[in-house]
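Dear colleague,

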Amino acid sequence: MDLALLYSGGKDSSLAALVLDGFYDVRLVTAHFDVTDDHEHARRAAAALGLPFETHELDRDVAAEAVGTMREDGYPRNGIQWVHEHALEEVAALDVDAVADGTRRDDRVPSVSRAFAQSLEDRHEVDYIAPLSGFGRNAVDRLVEETLDVESGPSEEIPKADYEGELRELLRAEGGEEAVVDVFPAHEQTYVRGTLD
């Protein structure tokens with residue numbers, strides 16, 4: 001069965017890929033707006049995991065709406081949630097049997113509600129799978145520590161291919177570095193360099 005997993009090159013989506021690889025033909029898909037070449041970071045991480053990789057370009061209007069929401073809110077949650085749901089919709093429309101992501105039980109954003117997951121499945125005739133949804137952050141961190149070679153650090157310094165990098169760039173283009181600082185709190189990111197075995 002073919003499964004497309006939204007992939008950033010970080011620890012959560014990488015661990016999700018490894019969990020699902022024994023059951024599905026996993027294809028790692030980085031959804032992006034073609035604002036930056038950050039998707040190349042995910043391509044390298046996917047190669048290190050030995051899994052097929054592709055990119056999927058998203059509608060730029062969605063990015064503009066997300067940036068507007070984030071500036072209005074003063075925080076990124078609703079904008080990133082909007083982008084994640086759009087990305088799931090796009091990937092579910094590909095010729096696959098299932099779609100997945102690396103969301104965890106205690107993630108604040110992005111998250112996928114039961115209603116959205118069921119609607120996605122019904123409308124696209126796919127299974128939605130969140131293999132880490134029963135795991136809290138500490139459990140994921142322990143599994144990652146045993147399995148993956150991970151680089152971590154401040155978000156603006158770590159190579160990544162999640163939505164944040166491109167949204168930061170669009171915010172910067174609209175309002176300068178101050179707009180980015182106003183919306184995004186300081187936080188840690190991860191990037192997977194490969195497996196430990």
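A pocket, as the word is used here, is an open set of grid points with protein on both sides within 12 Å along at least five of seven lines. Please bear in mind throughout that this is a predicted model.

With that definition in hand, the largest pocket has a volume of about 1300 Å³. Its lining comprises 39 residues, and those closest to the centre of the pocket are R104, D107, V109, P110 and Q189. Two or more lining residues come from each of helix 1 (11-20), strand 2 (25-32), helix 4 (77-92), helix 6 (137-147), helix 7 (163-183) and strand 7 (188-195). By residue class, the lining of the largest pocket is made up of 14 nonpolar, 11 polar and 14 charged residues.

As for the chain as a whole, seven helices and seven strands make up its secondary structure, and along the sequence they follow the pattern β-α-β-α-β-α-α-β-α-β-α-β-α-β. The radius of gyration of the protein chain is 16 Å, close to the 16 Å that the globule rule gives for 197 residues, so the chain is as compact as a globular protein of that length. Along its principal axes, the C-alpha trace spans about 45 × 40 × 30 Å. Of the 197 residues, 50% count as buried, while the accessible surface of the chain comes to about 9600 Å², with 44% of that belonging to carbon and sulfur atoms. Among contacts with a separation of 6 or more, 77% are made by residues 24 or more positions apart.

K11 is found in helix 1 and has a relative accessible area of 11%, which is under the 20% cut-off, so K11 counts as buried. Beyond its neighbours within four places in sequence, K11 is in contact with R104, V140, D141, V144, L148, V150, T190 and V192; of these, R104 is also listed with the residues closest to the centre of the largest pocket. L3, for its part, lies in strand 1 (residues 2-6) and counts as buried at 0% relative accessibility. Once neighbours within four places in sequence are set aside, the contacts of L3 are with L20, Y24, D25, V26, R27, A98, A100 and I129. The C-alpha atoms of L3 and L132, which are 129 residues apart along the chain, are separated by 15 Å.

Finally, there are some points of backbone geometry to check. Most residues other than glycine have a negative phi, and most peptide bonds are trans. Against that background, a cis peptide bond joins V109 and P110, with omega at about -10°; P110 is found in the loop between strand 4 (98-100) and helix 5 (114-124), and both V109 and P110 are listed with the residues closest to the centre of the largest pocket. D34, which is not a glycine, has a positive phi of about 60°; D34 sits in the loop between strand 2 and helix 2 (39-49) and is partly exposed, with a relative accessible area of 42%. E125 is not a glycine either, yet has a positive phi of about 55°. The place of E125 is in the loop between helix 5 and strand 5 (127-129), and at 71% relative accessibility E125 counts as exposed.

With best wishes

Notes
Residues numbered from 1 in each chain as written. Predicted model: local features only at pLDDT ≥ 70, side-chain atom pairs only at ≥ 80, totals over all residues. Heavy atoms only, no water. 1 Å grid on protein atoms, 1.4 Å probe; cavity = no way out; pocket = protein on both sides within 12 Å on 5 of 7 lines; lining within 4 Å. Points joined across faces, edges and corners; volume = space filled by probe spheres on them. Helix = DSSP H or I, 4+ residues; strand = E, 2+ residues; numbered from the N terminus. Nonpolar A, V, L, I, M, F, W, Y, C, P; charged D, E, K, R; others polar. Rg over C-alpha atoms; globule rule 2.2 N^0.38 Å. Buried < 20%, exposed > 50% of the residue type's maximum accessible area, 1.4 Å probe, protein only. Contact = heavy atoms within 4.5 Å. Areas by Shrake-Rupley, 256 points an atom, 1.4 Å probe, with all protein chains shown as cover.
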